[in-house]
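Here's a two-chain model to pick apart, one question at a time. Have a look first, then we'll dig in.

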Amino acid sequence: MTNLRKPAVRLFAAVAAVSLVAACAEDGDTASGGGADYPDQNITFVVPFSAGGPTDTVTRLIAEPMSEELGAQIVVQNVEGAGGTVGSGEVAGADPDGYTVLMHHIGMSTAPALYADLGFDPMADFEMIGLVTEVPMTIVARADFEPETLEDLIDHVSENADSVTLANAGIGAASHLCGLLFQDALGVSLQEVPYEGTGPALTDLVGGQVDFMCDQTTNTSGQISAGEVKAYAVTTPERVESLPELPTTAEAGLPELEVAVWHGLYVPAGTPDEVVQQLSDALVVALADQGVIDQLADLGTAPVPAEDATPEAHRAKLEEQIETWGEIIADAGVEQS
Amino acid sequence: MDLLDNLALGLETAFQFENLLYCLLGVVLGTAVGVLPGIGPTATIAMLLPITFSLEPVAALIMLAGIYYGAQYGGSTTAILINLPGESSAAVTAIDGHEMARQGRAGPALAAAALGSFVAGTVATVVLAVFAPPLARAALQFGPAEYFSLVVLGLIASIALARGSTLKALAMIALGVLLGTVGQDIYTGTPRFTFGARELYGGLDFVSVAVGVFGVAEILRNLENEKTRTAMVRRIANLWPSREDLRRIVAPVLRGTGLGSLLGVLPGGGHVLASFASYAVEKRVAREPERFGHGAIEGVAGPESANNAAAQTSFIPLLTLGLPAHPVMALMIGAFIVQGITPGPNVINEQPALFWGLIASMWIGNLLLVMLNLPLIGLWVRMLQIPYQWLFPAIVVFAAIGTFSLDLNAFDVYAVAVFGVLGYVLIKCGCEPAPLLLGFVLGPLLEEHLRRALIISRGDATVFLTRPISATLLALAVVALVVAVLPTIRRKREEVFVEDD
């Protein structure tokens, strides 16, 4: 769990049976740091959430063009656990050589408020590379849930606060945060049902086991357009191109609820400036790639403007968000774990 | 008829040269991954995902699917030959499969596994083509309460995995469940039983536990016995199953296929239960249950079929609803998305060639697998004739590499050593590792679903009895428990069977 270069080695092991020799050779090489000839080996992108989830998907989408731009293979590795803090902690402690990169979302800014013993400091232990995308969220319910519109939902939830269930993909997940905002906006406290990831949560929502949840368009678009779940609103100021019928929260009567899941790339603090700049430049190129733009659009989102895909913009965003969420979470009375 | 048109479209797609090639590549890789302990299909697919970017969507998905069910095929080989199950499903195969290998019948065991898997794969492909949408709907009826009851039933039924004392089997299940609680609490992230070791935050690794209590413990047991030290098997009885063997495996294969096809559809742990459930059923219906654990070919054929059928039908929730049944399917969703296809209920209408092509490729893949695996049996079996003083260090090194490559973490290798010693001690005490392993696999599921069901019901425990499916499953569990723990009933039953013979 501590060494982050395993997928590279695993590939050797899977393709050829000479895994031990390969493992030793590979691992020995990777001790060298970044520098003028960066990158001269595989780069690992750590996703602190499960494979196939929304963050994983975004990462894999941009990894391809970034890998071309940098001229090095990028290996995506999933290090799950505790709302993304396990993977983040691992990257914080990795060698600051630019070969271990973290993709994290809004959860980076909420972790300090949610976890008493985080083990790392988001502002001090990382260099920011740049923002990637802001994914809108959707409020969705089981297909046979009574409320028809967002206003209905607000009334229904306010009246039945002790029987409605609100699913989320785990403590600290984007869906959990959006759920907190929703409860905060309505001034209610609902029964939350945590799952291990968006997949199982959505499964139980489609199956009617839980009432509603709020999750990213990356994962809910398919079920919404097929009518498997009922959608009430999208949580951004603008409607989403792939779901043109869906009103925004402001249009539907809940302007207080505005949230987008911003994603950013990080490397451990102490990574040489030139390496950070190289990664940031590659990110800008990747975000301008037509394939990436198209695929993100299919998922109901878009790349951030080029000026936001920079270390400065990213650092400012994180700082502001840590403060904002610290207050919301403290107000919501969420227990620290 | 629609179905025939669709299948024709699927076969046409799957038989395109490029798609055939990627299907073959997928199943070969899958077999390799299955044979090597420690390297699972999840890791392989996660790694290969970027490579599939440049492929056509159909080819990419056909290859990734091939890796997955190919791995289920290959997983049984090491379990049978050297008692090293690389995946939870293969742990069951090891019980009787390895016993057969020790008796010089590794060939028939491997052949039974391959043939059973092929039949299961074929039937499950048809199930997938014909019943996918209704089955997916039915599976959605399973909520947390139902899963909890299903897991309880599975745990109780797993007493059947033991050859000896029921009490000891129960103790082993309990120990397994306890080992499964190590790591971060799934709902709050609070570390449990980690003793400050960061390596334990993610829980104990299945491969470390399985390789330890099965593989290493087996080696220790072999080494204490001077006679078996020359070669594991001196005489190979026969390479192919006899007519008698074939007659014995027909019914288990069919039952296993049915059971696996049904359980595989359930998202959230159904597929894990398939091979265990099949073994339990075969032992219950067997005329001579005492043969189980001593090299019964039914105990290999049934679970292997169940496991392969479940691997296939676990694609149903993914393909019809866009919902993943387990981590490998979650990765497949990622594969859909990077190919610009939004996974969901619309895939079947918007991408018929892809949907039906993938299904047809599964049958072709199963055919390729059986053609690939049967000729290899002779080769595998000859491995057992290597003198044991050469073979066992090789197994230990092999297991250590496999476990290490899992996370490049020395801790996992130490864990193998610890569990190897524990497994040896357990063998000496007359306790068996299979129920322990099942408890370890199902324990976390048991907890997750119990707690979620109670969260949703707001602490009302009657929810397990008021929901009909859940209540039925619990009733079955009670019956299974009564049958298992009342030794008088059991003895009488065995007497009846003895008289019959």
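A quick term before we start: a residue is buried if 20 or more other C-beta atoms lie within 10 Å of its own, exposed if 12 or fewer, and partly exposed in between, with C-beta atoms placed from the backbone. Helices (H or I, at least four residues) and strands (E, at least two) are DSSP runs, numbered from the N terminus. This is a predicted model, where local features need pLDDT of at least 70, side-chain atom pairs count only at pLDDT 80 or more, and totals for chains, interfaces and linings use all residues. Residues are numbered from 1 along each chain as its sequence is written, and chains are lettered from A and ligands numbered from 1 in the order in which they are written.

Q: Which residue of β3(A) is the bridge partner of A:Phe45?
A: Strands pair if DSSP finds at least two bridges between them. Strand β1 (residues 43-47) of chain A pairs with β3(A) in the parallel sense, over three bridges. In β3(A), the partner of A:Phe45 is A:Val101.

Q: And which residue in β9(A) is the bridge partner of A:Leu102?
A: β3(A) also runs antiparallel to strand β9 (residues 260-268) of chain A, joined to it by four bridges. Within β9(A), A:Leu102 is bridged to A:Tyr266.

Q: Why is helix α9 (residues 217-225) of chain A largely enclosed by the rest of the structure?
A: The buried residues of α9(A) include A:Thr217, A:Asn219 and A:Ile224. Contacts here mean C-beta atoms, placed from the backbone, within 7 Å of each other, and the cover over those buried residues includes α3 (54-70), β4 (126-142), α8 (198-206), β7 (212-216) and β8 (229-234) of chain A. α9(A) is largely enclosed because the number of its nine residues that are buried is eight.

Q: Which residue with a positive phi follows α9(A)?
A: The phi in question is near 75 degrees. The residue that has it, after α9(A), is A:Gly227.

Q: Is A:Asn78 buried or exposed?
A: A:Asn78 sits in strand β2 (residues 74-78) of chain A. Its C-alpha atom is 36 Å from that of A:Asp162, 84 residues apart along the chain. With 24 other C-beta atoms within 10 Å, A:Asn78 is buried.

Q: Which element of chain A has the highest mean pLDDT?
A: pLDDT is the predictor's confidence in each residue, from 0 to 100, and chain A averages 80, with 86% of the residues at 70 or above. The lowest mean among the elements of chain A, 38, belongs to helix α2 (residues 19-29), while the highest, 92, goes to strand β5 (residues 165-168).

Q: What is the angle between helix α4 (residues 57-82) of chain B and helix α12 (residues 298-313) of chain B?
A: Axes are lines fitted to C-alpha atoms, for helices over the stretch in contact, and angles run from 0 to 180 degrees between N-to-C directions. Under 35 degrees counts as roughly parallel, over 145 as roughly antiparallel, 65 to 115 as roughly perpendicular and the rest as oblique. α4(B) and α12(B) are therefore roughly antiparallel. Their axes lie 9 Å apart, at an angle of about 165 degrees.

Q: What is the angle between α4(B) and helix α16 (residues 352-373) of chain B?
A: Residues of α4(B) including B:Leu61, B:Ala65 and B:Tyr69 meet residues of α16(B) including B:Gly357, B:Ser361 and B:Met362. The axes are 9 Å apart, and the angle is about 40 degrees. That makes α4(B) oblique to α16(B), at about 40 degrees.

Q: How far apart in space are B:Glu447 and B:Val177?
A: B:Glu447 belongs to helix α20 (residues 433-456) of chain B and is partly exposed, with 18 other C-beta atoms within 10 Å. B:Glu447 and B:Val177 are 270 residues apart in sequence, yet C-alpha to C-alpha the separation is 9.3 Å.

Methods: Two residues are in contact if their C-beta atoms, placed from the backbone, lie within 7 Å.
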